[in-house]
Amino acid sequence: MIKTTTESIANSTVYRNDPQLTFAVGANETWHVQISILFYEDLDTDIKFRLLRSNPAGDQWLSLFAEAASKSTTPNYDSVGYQFCGYMASFNDEINYDYSANRYTALNLYGAINTGSTAGTITLQWAQRVSGSDAATVYRGSYIKARRLQ
């Protein structure tokens, strides 16, 4: 799944589903996922992400590690700062990206998802971390690669 449009959110900390960064899963499956999010976050508002699991039930879990590379000028991602910025251990865990400057960033999440006893969807959600008029933006070219292992 690849994002073909750039979207922005201003004046809202309420999570929104990204309509292009979602995929269907069956019951009792294990998935390997790689998620790459290209975004801009403002110094004052920042940005946050999480994964939503529809129809949660049974023994479901995820284990995703996050790393980011960022640059303060244009989104070409050369000569960037690099950092480990956390992990998600369950659905609805947040990755809060709070940097001390206006930044263009590539956030990469890698790991595994076990779906539990019901089918459903996995959807990336995002919003401003602090509500403000300077928008948080997720760019086209962001993507989810998901491969079912069993």
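Modeller: Two strands pair if DSSP finds at least two bridges between them. Strands (E, at least two residues) and helices (H or I, at least four) are DSSP runs, numbered from the N terminus. In this predicted model, local features need pLDDT of at least 70, side-chain atom pairs count only at pLDDT 80 or more, and totals for chains, interfaces and linings use all residues. Residues are numbered from 1 along each chain as its sequence is written, and side-chain values use heavy atoms, with hydrogens and water left out.

Biologist: Which residue stands opposite Val33 in E11?

Modeller: Ala146 does. E3 and strand E11 (residues 143-148) run antiparallel and are joined by 6 bridges.

Biologist: What makes E3 and E10 a pair?

Modeller: The cut-off is at least two bridges. E3 and strand E10 (residues 136-138) have 2 bridges, in the antiparallel sense. Therefore they pair. Phe39 stands opposite Val138 in E10.

Biologist: How many bridges link E3 and E8?

Modeller: There are 12, again antiparallel, and E8 covers residues 103-115. Glu41 has Arg103 as its bridge partner in E8.

Biologist: Why is Ser36 called buried?

Modeller: Buried means under 20% relative accessible area (exposed is over 50%, partly exposed in between; 1.4 Å probe, protein chains only). Ser36 has 7% relative accessibility, so Ser36 counts as buried. Ser36 lies in strand E3, residues 30-41. Of the 12 residues in E3, 11 are buried.

Biologist: What does Ser36 touch, not counting residues up to four places away in sequence?

Modeller: Contact means heavy atoms within 4.5 Å. Ser36 touches Leu107, Asn108, Ser142 and Tyr143.

Biologist: How do you know that the side chains of Ser36 and Asn108 make a polar contact?

Modeller: A polar contact is a pair of N or O atoms within 3.5 Å; within protein, one must be able to donate a hydrogen and the other to accept it, and residues adjacent in sequence count only if both atoms are side-chain atoms. The two side chains are joined at 3.0 Å, so the distance is within the cut-off.

Biologist: How many aromatic pairs does a search of the whole structure find?

Modeller: It finds 2. One of them is Phe23 and Trp31.

Biologist: Why is the pair of Phe23 and Trp31 called tilted?

Modeller: Rings of Phe, Tyr and Trp (its six-membered ring) pair if their centres lie within 6.5 Å; planes under 30 degrees apart count as stacked, over 60 as edge-to-face and the rest as tilted. Here the centres are 5.3 Å apart and the planes stand at 55°, so the pair is tilted. Phe23 is buried at 7%, and Trp31 is buried at 11%.
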